[in-house]
Amino acid sequence: MVRVGESAVADVGPAGVQGRVAELAAIRGVAVAGPGEAATAAQYARGKLTARERIALLLDEGSFCEVEQLRRHRATGFGMEARRPYTDGVVTGWGTVEGRTVFVYAHDFRIFGGALGEAHAAKIHKVMDMALAAGAPLVSLNDGAGARIQEGVAALAGYGGIFQRNTKASGVIPQISVMLGPCAGGAAYSPALTDFVFMVRQTSQMFITGPDVVRAVTGEEVSQDGLGGADVHAETSGVCHFAYDDEETCLAEVRYLISMLPSNNREAPPAVVAGDPAERPTEGLLEVVPGDGNRPYDMAAVIEELVDDGEMLEVHERWARNIICALARMDGQVVGIVANQPQVLAGVLDIEASEKAARFVQFCDAFNIPLVTLLDVPGFLPGVDQEHGGIIRHGAKLLYAYCNASVPRISLVLRKAYGGAYIVMDSQSIGADLTYAWPTNEIAVMGAEGAANVIFRKQIAAAEDPEAVRARVAKEYRAELMHPYYAAERGLVDDVIDPATTRTVLIQSLAMLRTKHAELPSRKHGNPPQ
């Protein structure tokens, strides 16, 4: 008599095990191959790689470990019960980038258009939870058509779980969104919650309402790229931090960014052995920066002269170009650099520049990246549009970010540093650890000409030659209150330094501050200006 279970025992003998292993290999082959050659050819025809090809480009060779490869949806109706592919349209797991653990999920557009359903969302939730528990960066490779309509509200709830996890992980692990296809509706909010957004021209788009809805509601005619393409978000909206022409270059740059970030907020950024001497003189700066404060120059050239091997990764390079935010290394250590760009709008602060720099400062502070601020700022941009657009609250975002930052903070005044913009750009009075200035600095409430017009307006108006009087009193004001050593004499800067020693001084200062520890008041969280 055969008892219950005996046949199962017989099945797992040597021949039975081999059969099961062969069956497993066949199933895995189907899961890895995806829906077939026709679907893959269609993906290539769109100029896009498959999900697994993208993961292979992102991670170190052979390092990917997949999670829930055999997961399938359990939805019924609308023919769904007859279509139950493995992976359910998203590939999830972990691997390494330059030997460090990174978690990743990649939508597979070949399966249900990469649309998110209940099982699809559960896989993403799992890998997000794993990334947070392991304290490792999370990269999402987005190429999906939004919520899976056939599954109804369960798909929408899946997005809610993603948003909640994005928020929980914010400031704890680096989160990077790579847009490699469409991302519409509520799905676009997940990338917006992450630290960095990469996009590829021609193939990736992001928008809340698509061109058809825009046309129906407003009558405006616009293409998908014109509404939410890579260039639009890199130059106009500021949603995208980095835009590239192809997926290979994009994913290579994601790897480069990860190489400069700590795995989590409890670690320091990865250091390397520098081949560029810390004591290298920077006489070239004398050729880059004109002594005349009214002449523009390229601040990017200054940064390249200061950092290791002239290499930096500029964030939001094409948005709010009057300020530069970049990650670089100095003596092998990662630093975040914020610098006014005199080549664009004379380097003034405006709404977009304030928002751009504020978020970058907050990111660096969250992930233990020291801040170096280079000032050449004539003030905030005047104008009705700026005032009505809320320059007060937007400028306050940058002020709040700096005041709240507890990482090492060093500021350097190259030329102009006027008014409230000087205070906001990490002045000593808001907590900069060290402040330096070049002999060309002009730190003041405003420019000499403007100050003379206010202080001596009656004398100028009554003079026979107003212009001559204006020039004379402006010269007197500059000599009295704007000479290069005025701020140093009053302890508002720690030293006036030779531009040729700038790299050495900054590196020595950063080394001293590496063990800085700052206590913030006990609180649930602050209430920054919005």
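## Nonpolar cores

The largest nonpolar core has 62 residues, and V178 and F198 touch the most other members. Helix α14 (residues 351–366) gives the most to this core, with 7 residues. A nonpolar core is a set of buried Ala, Val, Leu, Ile, Met, Phe, Trp, Tyr and Cys residues joined through side-chain atoms within 4.5 Å. Buried means under 20% relative accessible area, exposed over 50%, and partly exposed in between (1.4 Å probe, protein chains only). Helices (H or I, at least four residues) and strands (E, at least two) are DSSP runs, numbered from the N terminus.

F198 touches I176, S177, V178, M179, F242, Y244, C250, E253, V254 and L257, leaving aside residues up to four places away in sequence. Contact means heavy atoms within 4.5 Å. Another core lies apart from the largest one; it has 32 residues, among them V289, V302, W438 and V505.

## Basis of the model

This is a predicted model, in which local features need pLDDT of at least 70 and side-chain atom pairs count only at pLDDT 80 or more, while totals for chains, interfaces and linings use all residues. Residues are numbered from 1 along each chain as its sequence is written, and side-chain values use heavy atoms, with hydrogens and water left out.

How many residues of strand β13 (residues 371–377) are buried? The count is 7 of the 7, so β13 is largely enclosed by the rest of the structure. In a regular strand the side chains alternate between the two faces of the sheet. In β13 both faces are covered: L371, T373, L375 and V377 are buried on one side, and V372, L374 and D376 on the other.

Strand β12 (residues 333–340) runs parallel to β13, joined by 4 bridges. Two strands pair if DSSP finds at least two bridges between them. L371 in β13 is the bridge partner of G336. From β12 the chain crosses through α14 to β13, in a right-handed β-α-β crossover. Right-handed means that, with the strands pointing away from the viewer, the path from the first strand over the helix to the second runs clockwise. Strand β14 (residues 409–418) also pairs with β13 in the parallel sense, over 6 bridges. Here L371 stands opposite R409.

## Helix α14

The 16 residues of α14 should span 22 Å at 1.5 Å a residue, and its end C-alpha atoms are 23 Å apart, which agrees. The expected span is 1.5 Å times one less than the number of residues. Buried positions in α14 include I351, F360, V361 and F363. Just after α14, N368 takes a positive phi of about 60°.

## Salt bridges

The structure holds 27 salt bridges. Each is a side-chain nitrogen of Lys or Arg within 4 Å of a carboxyl oxygen of Asp or Glu. D376 pairs with R415, the closest N and O atoms being 2.8 Å apart. D376 lies in β13 and R415 in β14, so the pair ties together parts that are 39 residues apart in sequence. D376 is buried at 0% relative accessible area. R415 is buried too, at 2%. Elsewhere, salt bridges that share partners join R201, D231, E235, D245 and R318 into one network.

K397 and E355 also meet in a salt bridge (2.9 Å, N to O). K397 sits in helix α16 (residues 391–404) and E355 in α14, 42 residues apart. K397 counts as buried at 15%, whereas E355 is partly exposed at 26%. In a further pair, E221 and R215 have their closest N and O atoms 3.0 Å apart. E221 is exposed at 60%, and R215 is partly exposed at 33%.
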